[in-house]
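These are my notebook entries on a structure that I had not examined before. I set down what I looked up and what I found.

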Amino acid sequence: MTNILLSVEGLRVSYGTGRAATEVLHGLDFTVSAGEAVGLVGESGSGKSVASLAVLGLLGSGGHVSGGRIMFEGEDLARAKESRMRALRGRRVSMIFQDPATALNPAFTIGSQLADVIRAHRSLRGGALGDEIESVLQRVGFREPRRAAKSYPHELSGGMKQRAMIAAAIVCEPSLLIADEPTTALDVTVQAQIVGLLRKLVDELHIGLVFITHNLDLMAELCTRAVVLKQGNVVEHGDVESIFLRPSHPYTQQLIDSIPRLPNVSARSTESGRGANHVK
Ligand SMILES: Nc1ncnc2c1ncn2[C@@H]1O[C@H](COP(=O)(O)OP(=O)(O)OP(=O)(O)O)[C@@H](O)[C@H]1O
Ligand SMILES: [Mg+2]
């Protein structure tokens, strides 16, 4: 892969200041190229979400980047001002969260929430805005996009809500998508469908994807490379098949051992029934 979109180099993140500061990420390195899905895996508390929030500039008031660089399209996001991050978020880099039910506003239709996202970054109005909304809803799998645009979140299933969230994440054509456990709240068959959709978007739109998960089966389905994190350190980084078929670190082996069916990784099965296991 050549076209590197994101290069995280020696990233350190700390919470608190002075003597009370605690470092939770101790030098993370990974890259994501256009059209590539990279998995971030590891036990709870290993630093997966902190890493993604750092990339998005969303660590919150207590957290800060205490070392390293986050190079994205030629710019170090670790040093970008909040106004710059606001312009980039949703436009060049987007995030999909775990629970679509809490991320969507129950009081507004899907169409009006997508319109808000579009208006924040693009100058589309009127019919062109409506066309764009229908087109993105179709792209993420709504067979009747006009009807879907008029729906309220409570009228949609969990999987459809997550598709609507994915529509909001891609509607401004970002080059990088970060998905933090986007399927955890969904049932197994729907998880596989959402992973299939993400794969399609990576391929068709040439988006770079960071896929955070506890589910190694789903990760193997979607990603070509993975970073294994433990307590804020990288324990392995490389292509998915060699990491999980020939793990060099006992921790990776432990993650694999908690998933009885992982040997299927070599087959790269696309059955929708796979992916039920969870290392958490
Ligand atoms: N706001 C915060 N203040 C202080 N420490 C935090 C904060 N957010 C996260 N941490 C710490 O950073 C470490 C990494 O947390 P993080 O949320 O990234 O884990 P994770 O790998 O995403 O876990 P999970 O799989 O449970 O989502 C943990 O030790 C956590 O306690
Ligand atoms: Mg997390």
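**Entry 1: the ligand shell.** I began with a definition: a residue is near a molecule or strand if its C-beta atom, placed from the backbone, lies within 6 Å of it. The model is predicted, with local features needing pLDDT of at least 70 and side-chain atom pairs counting only at pLDDT 80 or more, while totals for chains, interfaces and linings use all residues. Residues are numbered from 1 along each chain as its sequence is written, and chains are lettered from A and ligands numbered from 1 in the order in which they are written.

How many residues surround ligand 1? I found 13, the closest being Val24, Ser44, Lys48, Ser49 and Val50. Helix α1 (residues 48–56) provides the largest share of this shell, three residues. Helices (H or I, at least four residues) and strands (E, at least two) are DSSP runs, numbered from the N terminus. I then sorted the shell by class: three residues are nonpolar, nine polar and one charged. In this scheme Ala, Val, Leu, Ile, Met, Phe, Trp, Tyr, Cys and Pro count as nonpolar, Asp, Glu, Lys and Arg as charged, and the others, Gly among them, as polar.

**Entry 2: the six-stranded sheet.** I traced an open sheet of six strands in the order β6-β7-β8-β3-β9-β10, with mixed pairing. Two strands pair if DSSP finds at least two bridges between them. β6 (93–96) and β10 (233–239) are at the edges with a single partner strand each, so one side of each has no neighbour in the sheet. From one strand to the next, the twist averages 15°.

I looked next at individual pairs. Strand β3 (residues 37–42) and strand β9 (residues 225–230) run parallel and are joined by five bridges. In that pair, Val38 stands opposite Arg225 of β9. I also noted that α1 packs on the sheet, where it touches β3, β6, β7 (176–180), β8 (208–212) and β9, and that its direction makes about 150° with that of β7. Contact here requires that the C-beta atoms of two residues, placed from the backbone, lie within 7 Å. Helix α7 (residues 158–170) packs on the sheet as well, touching β6 and β7, with its direction at about 170° to that of β6.

β9 and β10 run antiparallel, joined by six bridges. Their hairpin has two residues between the strands, and Gln231 in the turn has a positive phi of about 45°. Lys230 has Asn233 of β10 as its bridge partner.

**Entry 3: the four-stranded sheet.** I found an open antiparallel sheet of four strands in the order β2-β1-β4-β5. Its edge strands, β2 (22–33) and β5 (75–76), each pair on one side only. Strand β1 (residues 4–15) pairs with β2 in the antiparallel sense over nine bridges. I recorded Arg12 opposite His26 of β2 and Tyr15 opposite Thr22 of β2. The hairpin of β1 and β2 has six residues between the strands, and Gly16 takes a positive phi near 85° there. I also saw that α1 lies across β1, β2 and β4 (63–72), running at about 115° to β1.

**Entry 4: helix against helix.** Two packed helices are described by the angle between their axes and the distance between the axes. Axes are lines fitted to C-alpha atoms, for helices over the stretch in contact, and angles run from 0 to 180 degrees between N-to-C directions.

At what angle do helix α4 (residues 110–121) and helix α5 (residues 126–139) pack? I noted about 110°, with the axes 10 Å apart. These two helices, α4 and α5, are therefore roughly perpendicular to each other; angles under 35 degrees count as roughly parallel, over 145 as roughly antiparallel, 65 to 115 as roughly perpendicular and the rest as oblique. The contact involves Gly111, Leu114, Ala115 and Ile118 of α4 with Leu129, Glu132, Ile133 and Val136 of α5.

The axes of α7 and helix α8 (residues 188–205) come within 10 Å and cross at roughly 20°.

For α4 and α7, the axes come within 9 Å and cross at roughly 20°, which makes α4 roughly parallel to α7. Here Ile110, Gln113, Leu114 and Val117 of α4 meet Ala164, Ala167 and Ala168 of α7. By class, this contact of α4 with α7 has six nonpolar, one polar and no charged residues.
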